[in-house]
Amino acid sequence: MNRRSFAQTLGSAAVFSAFAKAPAWSQISEGATAGKIMAIAAHPGDGVFTMGAGLAEQVERGGAGVLLNLSLGERGAPKSIPVGQYGEMQRTATLKAAQLLGIDPIFFPYPDGEIPFNEESALRVCDAIREYKPSVVVTHWSGSWHKDHQTCHLIVRDAIFFAGLETLARTRPAHSVSKLFYAENWEDATNFVPDTYVDIEGVYEKWMKACDFYPMWRGQTGFFRYNDYYSSLSVVRGCVSGFKRAVALMADANERVQRSQFL
Ligand SMILES: [Zn+2]
């Protein structure tokens, strides 16, 4: 990634020329599996609100997207709706969103608030990575106040390790993920430093419609103004990246090393 060159030019007009040289999202995600991105979220709202636009953009460019939900986020239910019923509403909303965005949804059965971090959960995600073979994975950043988000982050890191381990025998052969990014999420904001900006202007309206399938997006389950936050954030991230609208991501620290024989 062009993290360093961007950081050096941020705040000056040169930022745009730096971005012109930066690899496009579609180039970043090119790989042996033709640009497939897998988003892995603790809850469906996280997946669609913070990772959905990037997935949709990839699909728009002829790639593919998979959204793996570790839980249904059912405990975010308002008092008027039983938890089980709300979970099914979340599943239905996610199926509709996935269809609209052209991505494959996967649901794991972990209870909201109790997603376990252990070998079983990491291997289950490992098996999904080996099955779908994404070149890029997007998930939660670790700096979150939500325990499920922190757990998801840890699970995904272990799962990517397991998935690429040739000597770990599972049903399917090993698969190495080329890139790992963390999504920008208001609940995961501690020490989140964006370094990758994806142009989402072409899929913005579709992404907004996908988000609108969720009651929480419309402010029906709590205080937080998801709609205002994520739609406004796309403008803010677009301003600093030279796009009309953008989503920001943070590359895993291990991917920031650049090798060069000259400067
Ligand atoms: Zn969440």
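Which residues in α4 meet which residues in α8? In the contact between these helices, V48, F49, G52, A53 and A56 of α4 meet K206, W207, A210 and C211 of α8, a contact being a pair of residues whose C-beta atoms, placed from the backbone, lie within 7 Å. By class, this contact comprises seven nonpolar, one polar and one charged residues; Ala, Val, Leu, Ile, Met, Phe, Trp, Tyr, Cys and Pro count as nonpolar, Asp, Glu, Lys and Arg as charged, and the others, Gly among them, as polar.

The model is predicted, with local features requiring a pLDDT of at least 70, side-chain atom pairs counted only at pLDDT 80 or more, and totals for chains, interfaces and linings using all residues. Residues are numbered from 1 along each chain as its sequence is written. The mean pLDDT (the predictor's confidence in each residue, from 0 to 100) of the protein chain is 88, and 87% of its residues reach 70 or more. Over residues 1-27 the pLDDT is below 50, and this stretch has 30 contacts in the model beyond near neighbours in sequence. The pLDDT is also below 50 over residues 29-34, a stretch with 15 contacts beyond near neighbours in sequence.

The protein chain has nine helices and seven strands, taken as DSSP runs (H or I, at least four residues, for helices; E, at least two, for strands) and numbered from the N terminus. Of its 263 residues, 44% count as buried. A residue is buried if 20 or more other C-beta atoms lie within 10 Å of its own, exposed if 12 or fewer, and partly exposed in between, with C-beta atoms placed from the backbone. Among contacts between residues at least 6 apart in sequence, 75% join residues at least 24 apart.

Two packed helices are described by the angle between their axes and the distance between the axes. For α4 (residues 44-60) and α8 (residues 204-211), the angle is about 145° and the axes are 10 Å apart; axes are lines fitted to C-alpha atoms, for helices over the stretch in contact, and angles run from 0 to 180 degrees between N-to-C directions.

Leaving aside neighbours within four places in sequence, D46 is in contact with A41, H140 and N185. The C-alpha atoms of D46 and H149 are 9.2 Å apart, at a sequence separation of 103 residues.

The largest nonpolar core has 60 residues, and those with the most contacts inside it are M38, A39, I40, I129, V138, A159 and L249. Such a core is a set of buried Ala, Val, Leu, Ile, Met, Phe, Trp, Tyr and Cys residues joined through C-beta atoms within 7 Å. Beyond four places in sequence, L249 is in contact with V138, F181, Y182, A183, E184, P194, T196 and V198. Y182 and V137, 45 residues apart in sequence, have a C-alpha to C-alpha distance of 8.5 Å.

In helix α9 (residues 226-241), S234 is buried, with 24 other C-beta atoms within 10 Å. Apart from neighbours within four places in sequence, S234 is in contact with I200, Y204, R245, A246 and V247. Between S234 and V198 the C-alpha distance is 9.7 Å, across 36 residues of sequence. By contrast, G84 in helix α5 (residues 83-101) counts as exposed because it has 11 C-beta neighbours inside 10 Å.

Most residues other than glycine have a negative phi, and most peptide bonds are trans. K133, in the loop between α6 (119-132) and β4 (136-139), has a positive phi near 55° and is buried, with 20 other C-beta atoms within 10 Å. N191, in the loop between β5 (179-183) and β6 (196-199), has a positive phi near 65° but is exposed, with 9 other C-beta atoms within 10 Å.

Methods
Contact = placed C-beta atoms within 7 Å.
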